[in-house]
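This briefing covers the pockets of the structure shown below and the surroundings of its ligand. Please read it alongside the sequence and the coordinates.

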Amino acid sequence: VYTNPIKLENDPTKTIGLVTVIEDVTEIRKLEKMRSNFVTNVSHELKTPLTSISGFVETLKSNTIEDEKTKKRFLDIIDIETERLTRLIEDILTLSEIESSQHRVLQEEIFPTNVMKEVEEMMHPIAANKGIALSSKIDMNLPNIYGNKDWFKQMLINLADNAIKYTPHGGKVLLTGYKKHHNIVITVKDTGIGIPKKDLPRLFERFYRVDKARSRKVGGTGLGLAIVKHIVLSFKGRVKVNSEEGKGTEFTVILPIKK
Ligand code: ADP
């Protein structure tokens with residue numbers, strides 16, 4: 001709330017009234033807070049691998065380690081943390097690009113069946129490597145949708161990648177795609193570790209992880225689902241999650257056919 005005096009035009013020393021302006025700043029404050037939290041989180045997330053890298057580099061430079069095996073182990077850690085840093089930066093850039101172009105999204109013609117098949121093929125070796133059976137049930141003639149094709153693909157990759165990451169050896173991941181009313185519906189279902197009920201409402205927030213240590217161990221950045229949410233929004237769609245701890249998780253994406 002702020003109040004301004006109104007002065008007489010020919011005699012600015014005289015105040016003839018007051019104007020009070022009431023502006024709702026809750027939304028602005030909320031956005032400011034979110035932005036500043038994001039910067040704090042980003043700095044923290046970048047610092048963690050950097051601290052580890054510089055620590056191990058210093059140790060190696062000091063020439064105090066003679067054992068070749070230990071040296072190799074340190075180099076491997078540096079390698080892993082460098083990769084992690086790269087992934088983090090890539091995810092931060094992707095998220096920021098999607099967010100900032102929400103009002104002028106590329107409108108390419110997308111054939112969902114083809115892209116889903118491509119992603120299935122691409123993820124197959126990753127699943128097989130972990131002893132996970134990846135399969136699909138995709139309608140052959142899903143209607144076209146319009147939007148950014150790369151983003152659409154990225155959304156599928158992130159969901160399939162999570163399903164594989166959070167499913168132990170011997171589990172299953174199923175991709176489905178079908179048409180329902182004026183939407184296409186995509187589901188990614190796994191028989192993995194599941195997500196506790198209390199974590200579900202915050203799952204799509206940036207850097208939110210159910211278990212930070214576990215996410216780090218499987219190479220997560222904590223941004224995958226935030227990216228999914230923003231991509232779904234760019235298609236004016238919705239994303240839902242159903243999960244049971246110890247049993248599995250199912251993500252459902254609903255995208256309107258006509259915009
Ligand atoms: P991360 O990079 O940590 O995987 P995401 O944003 O992709 O970050 O996911 C956020 C969190 O949601 C993960 O840390 C994980 O705890 C949980 N999660 C996401 N997908 C699944 C899944 N399919 N099964 C179990 N937990 C999941």
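The second largest pocket holds about 470 Å³ of space, where a volume is the space filled by probe spheres set on grid points that are joined across faces, edges and corners. A pocket here is an open set of points on a 1 Å grid over the protein atoms alone, where a 1.4 Å probe fits, with protein on both sides within 12 Å along at least five of seven lines, and lining residues have an atom within 4 Å of a point. The model is predicted, so local features need pLDDT of at least 70 and side-chain atom pairs count only at pLDDT 80 or more, while totals for chains, interfaces and linings use all residues. Residues are numbered from 1 along each chain as its sequence is written, and side-chain values use heavy atoms, with hydrogens and water left out.

**Second largest pocket**
- The lining comprises 18 residues, and M34, F38, E99, R206 and H230 lie nearest the centre of this second largest pocket.
- At least two lining residues come from each of α1 (26-61), α2 and α6, helices being DSSP runs (H or I, at least four residues) and strands likewise (E, at least two), numbered from the N terminus; α1 gives the most to this lining, with six residues.
- By class, the lining of the second largest pocket has eight nonpolar, four polar and six charged residues, with Ala, Val, Leu, Ile, Met, Phe, Trp, Tyr, Cys and Pro counted as nonpolar, Asp, Glu, Lys and Arg as charged, and the others, Gly among them, as polar.

**Largest pocket**
- The largest pocket has a volume of about 790 Å³, and of the 40 residues that line it, D161, N162, K165, Y166 and G224 are the closest to its centre.
- α4 supplies the largest share of the lining of the largest pocket, eight residues, and by class this lining has 17 nonpolar, 13 polar and ten charged residues.

**Ligand**
- The ligand sits in the largest pocket, a placement that requires more than half of its atoms to lie within 2 Å of the grid points.
- α4 (149-165), α6 (224-234) and β9 (248-256) are the elements that give two or more residues to the shell around the ligand, and α4 gives the most, with three residues.
- The shell around the ligand has nine nonpolar, eight polar and three charged residues.
- In the side chain of D190, an N or O atom is 2.9 Å from a nitrogen atom of the ligand, whereas a backbone N or O atom of V210 lies 3.3 Å from an oxygen atom of the ligand.

How values were computed:
A polar contact is a pair of N or O atoms within 3.5 Å; within protein, one must be able to donate a hydrogen and the other to accept it, and residues adjacent in sequence count only if both atoms are side-chain atoms.
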